[in-house]
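Here is a friendly walk through one structure, with an eye on its charged side chains, its sheet and its aromatic rings. Have the sequence and the 3D view open as you read.

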Amino acid sequence: MQARLQQTYRVSQEIGRNAIFKGSIELSKLQRLSSLVIPQPGTIQVSFEFNQSAFQHPAVTGHIEAELSVECQRCLGPMAQTIDQDFELLIDASDEDIQTFQLDSVYSEEGYLDMFAVIEDEIILALPLVAMHEDEACNPHWRPDTESEQVVEKNNPFAVLESLKGQS
Ligand SMILES: [Zn+2]
């Protein structure tokens with residue numbers, strides 16, 4: 001059974017209904033995510049279902065697809081970011097359950113789960129910490145010396161400390 005997407009679900013009602021929820025969410029509805037990407041009209045395609053068969057514990061599993069635009073940290077220009085992400089999350093799990101099943105948990109508010117917030121969190125986690133175009137020449141003013149310093153920093157934080165010591 002396929003059902004229309006809504007924002008909030010009563011978990012106890014959905015478990016065992018075997019409904020697959022499928023639809024799209026407008027980027028503008030996800031405020032926290034909107035502040036992290038370049039705002040542009042776009043939609044996020046999602047599908048998910050509530051179940052407990054696999055773990056004997058309430059869970060929600062699904063898939064997210066989105067075409068977002070983020071800012072390249074080298075040239076500050078827009079860069080396409082594709083999100084194609086599966087998720088599998090326990091609902092209202094104790095720390096012990098999380099350990100046992102090796103899955104993260106989301107938490108309902110008095111039995112109601114905000115799936116827009118869950119999906120927003122999943123997308124934010126899937127975004128790269130530092131986005132850069134693959135082509136290093138995207139910014140012609142990008143100074144190679146700055147770049148090599150960053151490589152040193154990444155490989156060996158002590159090398160940077162050494163160079164700072166030398167300056168003082
Ligand atoms: Zn760039």
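Arg32, Glu120 and Asp121 are linked in a network of salt bridges. Keep in mind that this is a predicted model. Arg32 meets the side chain of Glu120 at 3.0 Å, N to O. Glu120 belongs to helix H4 and Arg32 to helix H2 (residues 31-34), so this pair ties together parts that are 88 residues apart in sequence. Arg32 also meets the side chain of Asp121, here at 2.8 Å, N to O. Asp121 lies in helix H4 as well, so its pairing with Arg32 in helix H2 joins parts that are 89 residues apart in sequence.

How many salt bridges does a search of the whole structure find? The count is three. Here they are side by side:

| Salt bridge | N to O distance |
|---|---|
| Glu14 and Arg17 | 3.1 Å |
| Glu120 and Arg32 | 3.0 Å |
| Asp121 and Arg32 | 2.8 Å |

The side chains in these bridges can be described by their accessibility too. Glu14 has 4% relative accessibility and therefore counts as buried, while Arg17, at 38%, counts as partly exposed. Glu120 is buried, with a relative accessible area of 6%. Arg32 is partly exposed at 40% relative accessibility, and Asp121 is partly exposed with a relative accessible area of 35%.

Now look at another acidic residue, Glu122, which is also placed in helix H4. Which side chain of opposite charge is nearest to Glu122, and how far away is it? The answer is Arg32, 10 Å away. Leaving aside residues up to four places away in sequence, Glu122 touches Ile64, Gln85, Phe87 and Leu89.

Helix H4 (residues 115-126) lies across strands E3 (20-26), E4 (43-51), E5, E6 and E7. Relative to E6, the helix runs at about 125 degrees.

What is the order of the strands in the sheet? The sheet is open, has six strands with mixed pairing, and reads E1-E3-E4-E5-E6-E7. Strands E1 (2-4) and E7 (105-106) stand at the edges with a single partner strand each, so one side of each has no neighbour in the sheet.

Within the sheet, E5 (residues 59-71) and E6 (residues 78-91) pair in the antiparallel sense over 13 bridges. Two places to check in your viewer are Thr61, whose bridge partner in E6 is Glu88, and Leu68, which stands opposite Gln81 in E6. The hairpin of E5 and E6 has six residues between the strands, and in this hairpin Leu76 takes a positive phi near 60 degrees. E6 and E7, by contrast, run parallel and are joined by two bridges. Ile91 stands opposite Val106 in E7.

Finally, turn to the rings. A search of the whole structure finds six aromatic pairs. In one of them, the ring centres of Phe48 and Phe50 are 5.9 Å apart and the planes stand at 90 degrees, so the pair is edge-to-face. Both Phe48 and Phe50 are buried. Together with Tyr9 and Phe21, Phe48 and Phe50 form one aromatic cluster.

How values were computed
Residues are numbered from 1 along each chain as its sequence is written. This is a predicted model: local features need pLDDT of at least 70, side-chain atom pairs count only at pLDDT 80 or more; totals for chains, interfaces and linings use all residues. Side-chain values use heavy atoms; hydrogens and water are left out. Rings of Phe, Tyr and Trp (its six-membered ring) pair if their centres lie within 6.5 Å; planes under 30 degrees apart count as stacked, over 60 as edge-to-face and the rest as tilted. Buried means under 20% relative accessible area, exposed over 50%, partly exposed in between (1.4 Å probe, protein chains only). Two strands pair if DSSP finds at least two bridges between them. Helices (H or I, at least four residues) and strands (E, at least two) are DSSP runs, numbered from the N terminus. Contact means heavy atoms within 4.5 Å. Axes are lines fitted to C-alpha atoms, for helices over the stretch in contact, and angles run from 0 to 180 degrees between N-to-C directions. Lys and Arg count as positive and Asp and Glu as negative; His and the chain ends are not counted. A salt bridge is a side-chain nitrogen of Lys or Arg within 4 Å of a carboxyl oxygen of Asp or Glu.
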